[in-house]
Amino acid sequence: MYVKKKCEYCTLFHTVAAATAATEPFRHVCGQHAWRPNNTLVMKKKEYSSHKVSVIVSTYNRPDALEVCLRSLFCQTVLPYEIVVGDDGSGEPTRQLIEKMKAVSPVPIIHVWHEDCGFRLAMMRNKSIAATHGDYIIEMDGDIFAHPHFIEDHLHEAAPGRYVKGGRTNLGKALTERICRSGMPTRIHYWTKGIESKPENSIHCSWLAHMLAPRYRKHRSAALGCNMSFFKSDIIRVNGYDEFYEGWGGEDVDLGYRLQMSGLSKRYLKFAGIVYHLWHEDKYMYNKDKNIAHGYECEKRGKWRCDNGLDKYLPSADTK
């Protein structure tokens, strides 16, 4: 026997077993939607079904935030083909959390890990890209969680010859702690108490976002690694992230500039493709000045394919 039940997070009604409806909290229902009978939610947009979307989630030793992030991906209006967790050397608690999430995920989860030898996000993103099986890649960080239309919004702007960049709403400490204790994403609105900055980025308006996408900040904000997407073939062409970048900052902006120099245009998602950043203390940003100086030098040279990048992790046929 099946009943309809409204999800507290995505506000959609899902068909679930009566026994599940009686025992599961409302927000847990979304994790069931990929295998429910008469599935009408997954890939409901016919035009999206031609793309296999790989979502890359970058993480480091923050399993409470990662759980919220992954659960937000389980209840997307368009599910990804797979989720790749790019782990920059986290400990055992993160591995255990990922194994737990694999058991409830409606899509495959791939865990890519390397040894903790400092902040090597560019390298880990390259390894994660190499591990994907999809043709379209969406990147996010493990300390953010996504609006239910996040993937659908990115796909709405996806097209040959372009990449997509989004923004984020930054949540404060108290709100972040409450969300992480629950282990579940929650709906965030412009007026939600506890937002630290950029509450306007929590407004979702698809038609306005589509109108603004080719116009908003056209010559600013080249990329944001925690919220961007591209075709896998395009990232291979520029050889992925430049692994010169170790420590905080610069690797995503450098990638954005090189994608543009290679001939791609940018679509900026304002009022769509929404993510919410979970608060954390600012840590020492070592190599920041060195990374920024390297970025300026690369931009000045106009070289759009980096030397030390993605190709070392790919089968030789994929690099051609």
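**Charged side chains and their partners**

Guide: Helix α2 (residues 63-74) holds both Glu67 and Arg71, which stand 4 residues apart, about one turn of the helix. Helices (H or I, at least four residues) and strands (E, at least two) are DSSP runs, numbered from the N terminus. This is a predicted model, in which local features need pLDDT of at least 70 and side-chain atom pairs count only at pLDDT 80 or more, while totals for chains, interfaces and linings use all residues. Residues are numbered from 1 along each chain as its sequence is written, and side-chain values use heavy atoms, with hydrogens and water left out.

Glu67 and Arg71 join their side chains in a salt bridge of 3.2 Å, N to O; the term denotes a side-chain nitrogen of Lys or Arg within 4 Å of a carboxyl oxygen of Asp or Glu. By this rule the count comes to 10 salt bridges. Glu67 counts as buried, at 13% relative accessibility, and Arg71 is buried with a relative accessible area of 15%. Here buried means under 20% relative accessible area, exposed over 50%, and partly exposed in between (1.4 Å probe, protein chains only).

Glu92 counts as partly exposed because its relative accessibility is 38%, and Arg95 is partly exposed at 38%.

Asp141 pairs with Arg125 in a salt bridge whose closest N and O atoms are 3.0 Å apart. Asp141 belongs to strand β6 (residues 136-141) and Arg125 to helix α4, so this pair ties together parts that are 16 residues apart in sequence. Both Asp141 and Arg125 are buried. Through salt bridges that share partners, Glu67, Arg71 and Lys100 form one network.

Helix α4 (121-131) is one of the elements that supply at least two residues each to the lining of the largest pocket.

Glu82, in strand β4 (residues 82-87), presents another case. Glu82 is buried yet has no salt bridge, and the nearest side chain of opposite charge, Lys232, is 6.7 Å away. Lys and Arg count as positive and Asp and Glu as negative; His and the chain ends are not counted. The side chain of Glu82 instead makes a polar contact of 2.6 Å with that of Ser54, that is, a pair of N or O atoms within 3.5 Å; within protein, one must be able to donate a hydrogen and the other to accept it, and residues adjacent in sequence count only if both atoms are side-chain atoms. Residues up to four places away in sequence aside, Glu82 touches (heavy atoms within 4.5 Å) several others, including Val53, Val107, Ile110 and His133.
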